[in-house]
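The sequence and the structure come before the description.

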Amino acid sequence: MRAKQTAAAAAAGLCLALAGCGGSGGGTPGPGAPVASPPPASAPPLSVGLLVASRGTDRILRYDGSGISGGVFASDPALLRPIGITFGPDGSLYVAAGDTDRVLKFAGGSGAPLGVFTRGAGIRSPRNVNFGPDGAFYVADGFLDQVLRFDGVTGAFDRVFIQDPALQGPTSFTFGPDGNVYVVSVLTNRVLRFDGTTGALLGSFATTNLLQPHDVSFGPDASLYVTNSGSTIIQRFRGDTGEYIGPFVSDSALRQPLGMAWGPDGNLYVANQGANEIRRYDGATGASLGTLVAAGAGGLASPSFFVFLPTAGLTLSGVADTARAAASLRVSGAQPGGRILIAHGTAGGTGAIEECPGLPVPVGAPVVDQARIADESGNTVAALAIQRGVTVTFVAIDAARCLSAPPIAVTIP
């Protein structure tokens, strides 16, 4: 055990996703924090519901697309202080019991307990969990300052994937479009980048205007977004260089925000732990859209991370973003953690791509515009610039399973 893991470090960094992290009311606001938030706009109901890890009640709670409680979805005597949560390639739900050495598995449709997926093997304090593009299962351990790798089918321990003195108090991570791993280092207020194949440190990626960073996600514009449990701001950085762009969300209602996810409507959703609610923000502007799940609804207490319920089959939807002259695209139903290719081509034709040579892609002469990684719900979002007055036909391909979604056409007037 390294010397830095003293009682003081445990109190500071290992509150990682715990109630009280950052102090009452969300801690010291970061740069640009407002005195008060403007009145929120309204948003229509979601097409799917969501599952939330309610850390304060040791339950996984279910809500519909309007945020109405559907009761307890999953529970187990071994599910103590749930934190990380993800769907797997097999459709099951995987949940890290944060105050134990185990990750539990539940039936994705019913929530029935399926026992322990993995335990021990060095796990001391599991935080967020994800399946990677290689199909392996990854666990961030906030006490050991490691990201561990397990077999994605059996749960057998493979190896310590990431360990470096620069990483202190990891709570969450994500695989980026470049295939590398981006990990929050809570105790040093940084986001670090690691090689997605070897786990070797590639350096600090985002280093400014962070205060107890807890979750990271690539947004539709390919920027990196970071929640900060010690402030009321969600920060945005360039996804290729880590250069600071500025606050995306400044909301005085945020109190120790933890997990976030892009919804099937393209908006950003945040687990507002200190207020026991799920908040939502416009995916293009960051403007507040109020709450999806109201404070304490259905017994929600200290929400940590959450997932949207998966859709049946791979789907691609999109709208014209006239302000940015871009197609705002949303992919659902992909393999969680798998590569998603977004391509354009000739309407009415059929083509092929190198990654899935036997797959008839439903556009002619397809050209891959972006490669993204599906999140814990099997979703991703993207914004692609297109010329005004031109109709572009897009298609999404789940490269992990070599499936394609029906194409859609988008025109910017």
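In β22, Val270 has Arg279 as its bridge partner. Strands here are DSSP runs of E with at least two residues, numbered from the N terminus, and two strands count as paired if DSSP finds at least two bridges between them. The model is a predicted one, in which local features need pLDDT of at least 70 and side-chain atom pairs count only at pLDDT 80 or more, while totals for chains, interfaces and linings use all residues. Residues are numbered from 1 along each chain as its sequence is written, and side-chain values use heavy atoms, with hydrogens and water left out.

β21 (268-272) and β22 (277-281) run antiparallel and are joined by five bridges. With β20, β21 pairs over four bridges, again in the antiparallel sense. In that pairing Pro257 has Asn272 of β21 as its bridge partner. Five of the five residues of β21 are buried, where buried means under 20% relative accessible area, exposed over 50% and partly exposed in between, with a 1.4 Å probe and protein chains only. Leu268, Val270 and Asn272 point one way from the strand, and Tyr269 and Ala271 point the other way. In a regular strand the side chains alternate between the two faces of the sheet.

## Positive phi in the loops

Which residue takes a positive phi in the hairpin of β21 and β22? Asn276 does, in a hairpin with four residues between the strands. Its phi is about 55°, although Asn276 is not a glycine. Asn276 counts as partly exposed, at 25% relative accessibility.

The hairpin of β20 and β21 has five residues between the strands, and there Gly266 takes a positive phi near 85°. Gln256 lies in the loop between β19 (244-250) and β20 (257-262). Gln256 is not a glycine, yet has a positive phi of about 55°. At 5% relative accessibility, Gln256 counts as buried.

## Ser217 in strand β16

Ser217 belongs to strand β16, which covers residues 213-218. The residue is buried, with a relative accessible area of 12%. Its side chain makes a polar contact of 3.1 Å with the side chain of Trp262. A polar contact is a pair of N or O atoms within 3.5 Å; within protein, one must be able to donate a hydrogen and the other to accept it, and residues adjacent in sequence count only if both atoms are side-chain atoms.

Not counting residues up to four places away in sequence, Ser217 touches Ser223, Leu224, Tyr225, Met260 and Trp262. Contact means heavy atoms within 4.5 Å.

Strand β10 (residues 146-150) is joined to β11 by five bridges, and Leu148 stands opposite Val160 in β11.

Another open sheet has three strands in the order β25-β26-β29, also with antiparallel pairing. β25 (315-321) and β29 are its edge strands, each pairing on one side only. Here the twist averages 20° from one strand to the next. β26 and β29 pair over six bridges, and the bridge partner of Arg330 in β29 is Val381.

## Nonpolar cores

The largest nonpolar core has 20 residues. Such a core is a set of buried Ala, Val, Leu, Ile, Met, Phe, Trp, Tyr and Cys residues joined through side-chain atoms within 4.5 Å. Those with the most contacts inside it are Leu316, Leu329, Val331, Ile342, Ile386, Phe394 and Val410. Two or more residues come from each of β26 (326-332), β27 (339-346), β29 (380-385), β30 (391-398) and β32 (408-411). A second, separate core of 18 residues includes Ile83, Ile85, Phe87 and Leu93.

Leaving aside neighbours within four places in sequence, Val331 is in contact with residues including Leu314, Leu316, Ile340, Ile342 and Ala396. In soluble globular proteins, nonpolar side chains tend to be buried together.

Methods
Axes fitted to C-alpha atoms, helices over the stretch in contact; angles between N-to-C directions.
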